[in-house]
Amino acid sequence: MSLSSPFRRRLLGGLLALATLPALANTQKITVDVWKDPNCGCCQDWIDHLEGEGYAVRVFNQGNQAARQRLGLPERYGSCHTALVGAYVVEGHVPAADIRRLLKEKPKALGIAAPGMPVGAPGMDGPAYRGRRDAYDVLLVNRDGSSRVFASHR
């Protein structure tokens, strides 16, 4: 049995379309909810970093203290903004690559945090810092409040 040329083209086109579905599924943006002070410029710079890395960001300009408490993150890991991505809390100026790793590895944890405001971290790396980059760690925060180093940035 011989397949006609138009039929063969449709069949091959359909197979090609099916083969690209996994790639299309991977292009769907991951949503990050961010609670921050409405006047904080470094928070907005971090949001710009995430958006530049392909994340969809929803911003709640009402401060982050109540969100951090509601999400169960101890104050000692605090920073100027708190985010929620999937089931994980992301506190502070965490690089987008660390968030991607968190979502890929799916550890049993509350989330990750870059406590304080480390100079050189995304959002804390603008011209005002004149290229200064301090070493800092992103911590994996467990549900019991303990932590360990998740990523070191030197």
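Me: I've got this predicted model open. Which backbone oxygen does the side chain of His-93 reach?

Reply: Look for the backbone oxygen of Pro-122: the side chain of His-93 comes to 2.7 Å from that atom. For a contact like this, you look for a pair of N or O atoms within 3.5 Å.

Me: Where in the chain is His-93?

Reply: Find strand S4 (88-92) and then helix H4 (96-105); His-93 is in the loop between them.

Me: And is His-93 buried or exposed?

Reply: The idea is to check the relative accessible area, where under 20% means buried and over 50% means exposed. His-93 has 0% relative accessibility, so it counts as buried.

Me: Okay, next topic. How many salt bridges does the structure hold?

Reply: There are 7 salt bridges in the structure. To spot one, you look for a side-chain nitrogen of Lys or Arg within 4 Å of a carboxyl oxygen of Asp or Glu.

Me: Which residue forms a salt bridge with Arg-100?

Reply: That's Glu-53, with the closest N and O atoms 3.3 Å apart. This pair links distant parts of the chain, 47 residues apart: Arg-100 is in helix H4, and Glu-53 is in the loop between helix H2 (41-52) and S2. Arg-100 is partly exposed at 38% relative accessible area, and Glu-53 counts as partly exposed at 39%.

Me: What about Arg-154: which partner does it have, and how far apart are the closest N and O atoms?

Reply: Arg-154 pairs with Asp-137 in a salt bridge, and the closest N and O atoms are 3.1 Å apart. You'll find Arg-154 in the segment after strand S7 (147-153) and Asp-137 in strand S6 (residues 136-141), so this pair links distant parts of the chain, 17 residues apart. With a relative accessible area of 71%, Arg-154 is exposed, whereas Asp-137, at 25%, counts as partly exposed.

Me: Which residues do salt bridges with shared partners join into one network?

Reply: Arg-68, Glu-75 and Glu-91. Pick out those residues and you can trace the network in the model.

Note on methods: Residues numbered from 1 in each chain as written. Predicted model: local features only at pLDDT ≥ 70, side-chain atom pairs only at ≥ 80, totals over all residues. Heavy atoms only, no water. Helix = DSSP H or I, 4+ residues; strand = E, 2+ residues; numbered from the N terminus. Buried < 20%, exposed > 50% of the residue type's maximum accessible area, 1.4 Å probe, protein only. Polar contact = N/O pair within 3.5 Å; in protein donor to acceptor, adjacent residues only side chain to side chain.
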